[in-house]
Amino acid sequence: MPIRILVLLLLYSPPVRGEETPADDPHPAPGNSQPELEDLVNITFKNDARVFAVMAALNAAGFDYERSGKTLSTERQTVRRHLEGLDPDLVLRLQTYYESHRRYRDEGRESADYISLALLLSDVPELAFPEETDHLPVDIVPLRGFADLVRELYEPAGIADLWTGHLKRYELEVERYRPVLEKLIHQTLRYFRIGPRRVLDRTIIFIPDLLNAKDTVNARNLERIYYVIVGPADDPAENYVALQHEYLHVLIDPLIEKYVARMDEDANLLRMANKQPQLKPEYRDRILLILAESMIESLILRMHPPDDPKREIVEFFRQGLVALPSFYRQLIEYERSGLLSFPAYAELLLQDLDEDNLKEAESAIAAMEESLAEEERKLQEAQERERQRVERKNRIISLLNEAGKLMAQKQFQEAEQRLEELLREDPGNPSGLFYMAQISGQTGDLQRAFGYYESVSSSTAPMWIRGLSLVRMGRILASQGSMAEARKRFQQVLVLEGDLKGARKEATELIEALGPEEQGE
């Protein structure tokens, strides 16, 4: 899920609240052309030189993160090569600043705060940090010193020329995202049972960031401006769900804000959220964010059903989205009814969050966790059994191979020791029994050899091994004068099916060698 920071900035005066378009049929009337993306949502596409400058400086400072299996974008590689000729003293100060301000174990999260910093700066080339900091996000203010380094880098690194040279590629990236955005907006509107809805007091500003890691989607709210900043993508469709999550905020946030404004602070909901073991820090005491994220994640789970929704519901709940189970359950009813639009139905979802329903959800989550734990236990047991089976199989194969090599070297005693170990592990192993029969025959113990061959002939061994065992049994019987019994074994070979690897031919020749079957044999 993209990292979201909700901030209030006094340097942005709030826009005048506008009217929403009516909730008409989401499908255009016959003869009308499909709405353009800008007609579906209040969106602006922006190539932001501030973000480019800050991310160029961040790469020079040592930001090396890239997703597993991905390679750095061409633009990022080009800019990094260009910055290799910087003054070493400036590079050292950039690197020292970046390392001393690292906040996360996952380096992929580091760029998010620097993008927030870029959005607070004035235009290039000034890149000035706001003088008034009282109402700025507390986690971004400590990074203000990086803005000084970006300004110092700007001229000697030729950032303005770099930006101009890459601008066309940024414009192409926007066009690559258009069909993805159109598709996800149409899907969302169909699910909501509403027509194109341009919420006029909320604006989405879409910014490509080709100097970041691939498939990164960062979202920032400054007042009612929703910034969506996307890293380079091999396939923009891979970011479909993350982008839909941000579009849902545009539709859901007004509903939640309206509801929260009418309610007293819900102590029960906050108390339940704050006691969750994996509570995300951004959710603590943030009822609006808890409700918005609970509703959005439940919508995502319904529109893009995972293989195991139960597991994801539990995970979200334990992170603090305690309203999600109730929302998810009621969305199933919403889909079945087909009556209300989602904005109308959302009021019912929010009104249903009383203490009894929250306790019911908590009990349901506990039951789910118990069920998941049992599933996990069974899975681990099955995996352990499979591990032991594979380990045993490999050990048997190894012993069989060792025995075969020792037999070829006529070291029969050592070979027999390996086979005895094998048969203790797998008493009915046909290959082991066959090898034991061969060793017994080589050492002159024909009775013992016969017993082993007999066991193989009645086993599930491949047909050719069974056929060869019957031939060997017949030879032993013939050597002892039991011609009728020998002939019987040879004839049994002839009824076996498949490729017997010469056993059928040998049995036929031995029957002929015995001559005509004598009366009374």
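Good morning. I begin with two helices: α12 and helix α13, residues 342-351, pack at an angle of about 140 degrees, and their axes are 11 Å apart. That angle makes α12 oblique to α13. In passing α13, α12 forms a right-handed crossing. On the α12 side, the contact is made by Phe327, Gln330, Leu331, Glu333 and Tyr334. On the α13 side, the residues are Phe342, Tyr345, Leu348, Leu349 and Leu350. Please keep in mind that the model before you is predicted.

Let us stay with one residue of that contact. Which residues does Phe342 touch, leaving aside those up to four places away in sequence? They are Phe192, Ile252, Met295, Leu299, Leu331, Tyr334 and Leu349. Phe342 also belongs to the largest nonpolar core, which has 69 residues. Within that core, the residues with the most contacts are Leu243, Leu291, Met295, Leu299 and Phe342. Apart from it lies another core, of 53 residues, including Ile115, Leu119, Ile159 and Ala213. As a general remark, nonpolar side chains in soluble globular proteins tend to be buried together.

A second pair of helices deserves attention. Helix α7, residues 159-192, packs with helix α10, residues 287-303, at an angle of about 100 degrees, and the two axes are 12 Å apart. This makes α7 roughly perpendicular to α10. Where they meet, α7 contributes Gln187, Thr188, Tyr191 and Phe192, while α10 contributes Leu299, Arg302 and Met303.

I turn now to helix α14, which covers residues 355-408. How far apart are the end C-alpha atoms of α14? They are 79 Å apart, and this agrees with the 80 Å that 54 residues should span at 1.5 Å a residue. Several residues of α14 are buried, among them Asn357, Leu358, Ala361, Ile365 and Leu372. Further along α14, Ile396, Leu399, Leu400, Ala403, Leu406 and Met407 are buried as well. What covers the buried residues of α14 includes α9, α11, α12, α15 and α16.

The C-alpha atoms of Arg387 and Val180 are 43 Å apart, and the two residues are separated by 207 residues along the chain. After α14 comes Lys410, whose phi is positive, near 60 degrees.

The buried residues of α16 are Pro430, Gly432, Leu433, Phe434, Met436, Ala437, Ile439 and Ser440. They pack against α14, α15, α17 and α18.

Next, some details of the backbone. Most residues other than glycine have a negative phi, and most peptide bonds are trans. Which two residues are joined by a cis peptide bond with omega of about 5 degrees? They are Val124 and Pro125, and Pro125 lies in the loop between α5 and α6.

Two loop residues may be set side by side. Asp215 is not a glycine, yet its phi is positive, about 60 degrees. Asp215 sits in the loop between β3 and β4. Is Asp215 buried or exposed? Its relative accessibility is 11%, so Asp215 counts as buried, the limit being under 20%. Lys501, also not a glycine, has a positive phi of about 50 degrees. The loop holding Lys501 lies between α19 and α20. Lys501 is exposed, because its relative accessible area of 56% is over 50%.

Finally, two further residues. Ser73 is in the loop between α2 and α3, and at 4% relative accessibility Ser73 counts as buried. Beyond its neighbours up to four places away in sequence, Ser73 touches Leu210, Lys214 and Pro232. Met483, in helix α19, is partly exposed, with a relative accessible area of 33%. Its C-alpha atom is 9.2 Å from that of Glu517, and 34 residues along the chain separate Met483 from Glu517.

Thank you for your attention.

Terms used: Residues numbered from 1 in each chain as written. Predicted model: local features only at pLDDT ≥ 70, side-chain atom pairs only at ≥ 80, totals over all residues. Heavy atoms only, no water. Core = buried A, V, L, I, M, F, W, Y, C linked by side-chain atoms within 4.5 Å. Buried < 20%, exposed > 50% of the residue type's maximum accessible area, 1.4 Å probe, protein only. Contact = heavy atoms within 4.5 Å. Helix = DSSP H or I, 4+ residues; strand = E, 2+ residues; numbered from the N terminus. Expected span 1.5 Å × (residues − 1). Axes fitted to C-alpha atoms, helices over the stretch in contact; angles between N-to-C directions. Parallel < 35°, antiparallel > 145°, perpendicular 65-115°, else oblique. Left-handed = near helix turned anticlockwise from the far one by under 90°.
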